[in-house]
Amino acid sequence: MEKENTGLLAGPDGVARCFWHGNLPDYLHYHDHEWGRPVADDRRLFEKICLEGFQSGLSWLTILRKRENFRDAFANFEFDHVAAFTDKDVERLLGNAGIIRHRGKIVSTINNAKRAREMADEFGSLAAWFWRFEPGKDERPEIVDLAHLRANPTTAVSVRFSKELKKRGWSFVGPTTVYAFMQAMGLVNDHLEGCVCRKQVEKERKAFKRPK
């Protein structure tokens, strides 16, 4: 049962978590084992920012349940491979019922793969550039509660992050999409106060070696 106005939901084990997984087994596993855990792997970071772009206008659960299909379709999101996709690949992907068949988002993913390669060459890794946008303590709330999250689908940092990506030629990377990426990849810890994962994630973030 969800605790009124807290955004916390008791799982099958009776432990309080962020409400949004709705106790759906696959979503619950994602909440507990992936969301908010800090990531430095370029492939995973590229995959996530692309999938956040595909999510635009949809729910993350829709994308999560198609994620293996996306991986198969997009060469496991190895951006060097995706950057080499051609118009023939675009048509192939538009015929793939296992993914979101949106031409603009497909073309954007191929474009963003090229931009990711450029960025990795310039900065040593994609992660090194992305983690530059980890907010400082003065840019984070003292308490992450439901009211804060509802009032802040974007942040000043995600706006800056989005603008810089767009300057570098990326697409489908608006501030809301970028903030969802930051939340998922551990650049911020937005597990709610009282969620069993919040302290776990904070511990992982403290031990995490930031890429340089």
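## The largest cavity

A cavity is a set of points, on a 1 Å grid over the protein atoms alone, where a 1.4 Å probe fits but cannot get out. Its volume is the space filled by probe spheres set on the points, with grid points joined across faces, edges and corners. The structure holds one cavity of 30 Å³ or more.

Ile49, Cys50, Gly53, Phe54, Lys105, Ser108, Thr109, Asn112, Ser171 and Phe172 line the largest cavity; lining residues have an atom within 4 Å of a point. Two or more of these lining residues come from each of helix H2 (42–55) and helix H7 (103–123). Helices are DSSP runs of H or I with at least four residues, numbered from the N terminus. By class, the lining comprises four nonpolar, five polar and one charged residues. Here Ala, Val, Leu, Ile, Met, Phe, Trp, Tyr, Cys and Pro count as nonpolar, Asp, Glu, Lys and Arg as charged, and the others, Gly among them, as polar.

## Pockets

A pocket is an open set of points with protein on both sides within 12 Å along at least five of seven lines. The largest pocket contains about 610 Å³ of space. Its lining consists of 24 residues, with Trp20, Trp35, Gln55, Ala180 and Gln183 nearest the centre. The elements giving two or more residues to this lining are helix H1 (25–33), H2, helix H9 (146–151) and H11. H11 gives the most, with six residues. The lining of the largest pocket divides into 14 nonpolar, seven polar and three charged residues.

The second largest pocket has a volume of about 320 Å³. Of the 15 residues that line this pocket, Lys137, Arg140, Arg198, Glu202 and Arg205 lie nearest its centre. Its lining has five nonpolar, two polar and eight charged residues.

## Packing of H10 against H11

Helix H10 (residues 156–167) packs on helix H11 (residues 175–184) at an angle of about 110°, with the axes 8 Å apart. Axes are lines fitted to C-alpha atoms, for helices over the stretch in contact, and angles run from 0 to 180 degrees between N-to-C directions. H10 and H11 are therefore roughly perpendicular to each other; angles under 35 degrees count as roughly parallel, over 145 as roughly antiparallel, 65 to 115 as roughly perpendicular and the rest as oblique. The crossing of H10 with H11 is right-handed, a term for a near helix turned clockwise from the far one by less than a right angle.

On the H10 side, the contact involves Val157, Ser158, Val159, Phe161, Ser162 and Leu165, while H11 contributes Pro175, Val178, Tyr179, Phe181 and Met182. Contact means heavy atoms within 4.5 Å. These residues comprise nine nonpolar, two polar and no charged.

## Packing of H2 against H11

The axes of H2 and H11 come within 9 Å and cross at roughly 140°. That angle makes H2 oblique to H11. This crossing is right-handed. H2 makes the contact through Leu45, Lys48, Ile49, Glu52 and Gly53, and H11 through Thr177, Ala180, Phe181 and Ala184. The contact residues divide into five nonpolar, two polar and two charged.

## Basis of the model

Residues are numbered from 1 along each chain as its sequence is written, and side-chain values use heavy atoms, with hydrogens and water left out. For this predicted model, local features need pLDDT of at least 70 and side-chain atom pairs count only at pLDDT 80 or more, whereas totals for chains, interfaces and linings use all residues.
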